[in-house]
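Please look at the structure shown here with some care, following the chain from its start to its end. The briefing below takes up a few of its local features in turn.

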Amino acid sequence: MDILAFLAQGFAVALEPQNLFLAVIGCTIGTLIGALPGLGPVNGVALMIPLSFNFGLEPTGALILLVSVYYGCMYGGRISSIVLNIPGDEPAMMTTLDGYPMALQGRGGEALGISAVASFVGAGVATLGLALFAPLLVEFAIRFGPAEYFALFVLAFATIGGVTGGSLIKSFIAAFLGLLLGSIGIDAVSGVPRYTFGLYELYDGIDFIVALVGLFAISECLIYLEDIRGTSRPTLTLGSAIPGVRAAGRCAPTIARGSFIGFVAGVLPGAGAALGSFLAYTLEKRWVGRDGRFGEGDPRGVAAPEAGNNAAAGGALIPMLSLGIPGSGTTAILLALLLSMNITPGPLLFEQQPEMVWGLVAALVIGNFVLLVLNVPLVSLFAKVLQAPGWFLMPMVVMVAFVGVYSLNNSAFDLYMMLGFGVLGYALRKLEIPTVPVVLGLLLGGQMEFNLRRAMSISAGEWNILWSSGISVGIYLFAVTLIVAGLVYSWLIRGRRLS
């Protein structure tokens, strides 16, 4: 009953004209920002913080605006993934694996519709969990120490062979390359520069956004330039905007599983939406097995990562609000906003400022419906992007990529890095080595190394700390099971083909 009373109080706050207007505007702007390759929720929220101060918004209004932008960016990231094969942000890169093949098959509208519904359900599950299960989930997340986090990342890399469906060896080579690239920069423990070659621009490591835009956007443009002189580029058609009853019913269990996996990943501080999307996709592929056509345009390959990343985005708010620990890069920016307004997130926040917390929860419910209304009917607008000729679309992509990357740090060095990753991505694609594991290695490698070294420091160099807890052992056993299952499955498929 207390929760219902708090929710009623929250809706009273969220339905105030100013806060309702901020939620709608935030959702709209977030969707547009998320659709632009290379920007993503971190940059979208960061760009809106100065405006919230300039407009003199109260803490509740500012938080509603920025979290609505956050949710909108998570929705919008799928658009360029499906339409252009260029993810708008890190979590959306898993959507390219089946979203773009669906667009090539003339089912781009169906993919956009399914992804919108999956995003809606995933965000709704996260919001419901934030309201009902925050204390229980936070208590479970507290049990995760450095060793458990390291085991979690081992699980992520153990399932990496299921991401692309191609050669397991090539997938691990790509992941190893990403891990090597992720080691560039100043060592977080010793403070010693590693592999920087005297370049101060590399002291902070390689920017994820720069690598992401280069590996996907620039390499896609290079592939297009090659296609001009060779085979013609396939013509994309939109197709139906609303998924059929059969597709929706088929994806319903997938959406439910992806939402749960993503939400749990989001609650764990530092895991983030990228890990939630990645695990939702790979575990769904393992679950479906031979009945799926993942990587070839399976609607479940769109539903799973979209439900996972949106559920993880909402789940990341739980440790930020309840513990003051950001669950992702975007929630770290939100945490900085609250601290700048003399508001300290933590266990006492729900008691001291319930109107702000529950107003935010209610605003998330409203914003989720607003995003669904915005994204499903407006799919027809994306048809213009799909039907745009390549000679017009690709220069626009390059322009947005250059502007977006340069705006990150106002650095020409980032542009050179982006072009370098573009050439690398082109070479990998020609060698049929997947690029997604490279980004995952670059994205997760730093956190994996950091937690490993923290665990070793705590144990004074004793390796047994990595498997000393039941949670770690359970995660390792699950990882081994997935690897063995993947090898057996590949062996059976190879045997069937030979016979």
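In this predicted model, Phe-150 is in contact with Met-448, Asn-451, Leu-452, Leu-466 and Tyr-476, if its neighbours within four places in sequence are left aside. Phe-150 has its place in helix α8, which covers residues 146-158.

- With a relative accessible area of 12%, Phe-150 is buried, because a value under 20% counts as buried.
- Although Phe-150 and Phe-450 are 300 residues apart along the chain, their C-alpha atoms are separated by 8.6 Å.

**Packing of α10 and α22**
- Two packed helices are described by the angle between their axes and the distance between the axes.
- Helix α10 (residues 168-182) packs with helix α22 (residues 436-458) at an angle of about 40°, and their axes are 7 Å apart.
- That angle makes α10 oblique to α22, and the crossing in which α10 passes α22 is right-handed.
- The residues of α10 that meet α22 include Ser-171, Ala-174 and Leu-177, while those on the α22 side include Pro-437, Val-438 and Gly-441.
- The residues of this contact between α10 and α22 divide into eight nonpolar, five polar and no charged.

**Positive phi values in loops**
- Phe-197, in the loop between β2 (193-194) and α11 (208-229), has a phi near 55°, which is a positive value in a residue other than glycine.
- Phe-197 is exposed, with a relative accessible area of 73%.
- Glu-432, in the loop between α21 (412-430) and α22, has a positive phi near 60° and is likewise a residue other than glycine.
- Glu-432 is exposed, with a relative accessible area of 62%.

How values were computed:
Residues are numbered from 1 along each chain as its sequence is written. This is a predicted model: local features need pLDDT of at least 70, side-chain atom pairs count only at pLDDT 80 or more; totals for chains, interfaces and linings use all residues. Side-chain values use heavy atoms; hydrogens and water are left out. Axes are lines fitted to C-alpha atoms, for helices over the stretch in contact, and angles run from 0 to 180 degrees between N-to-C directions. Helices (H or I, at least four residues) and strands (E, at least two) are DSSP runs, numbered from the N terminus. Angles under 35 degrees count as roughly parallel, over 145 as roughly antiparallel, 65 to 115 as roughly perpendicular and the rest as oblique. A crossing is left-handed if the near helix is turned anticlockwise from the far one by less than a right angle, and right-handed if clockwise. Contact means heavy atoms within 4.5 Å. Ala, Val, Leu, Ile, Met, Phe, Trp, Tyr, Cys and Pro count as nonpolar, Asp, Glu, Lys and Arg as charged, and the others, Gly among them, as polar. Buried means under 20% relative accessible area, exposed over 50%, partly exposed in between (1.4 Å probe, protein chains only).
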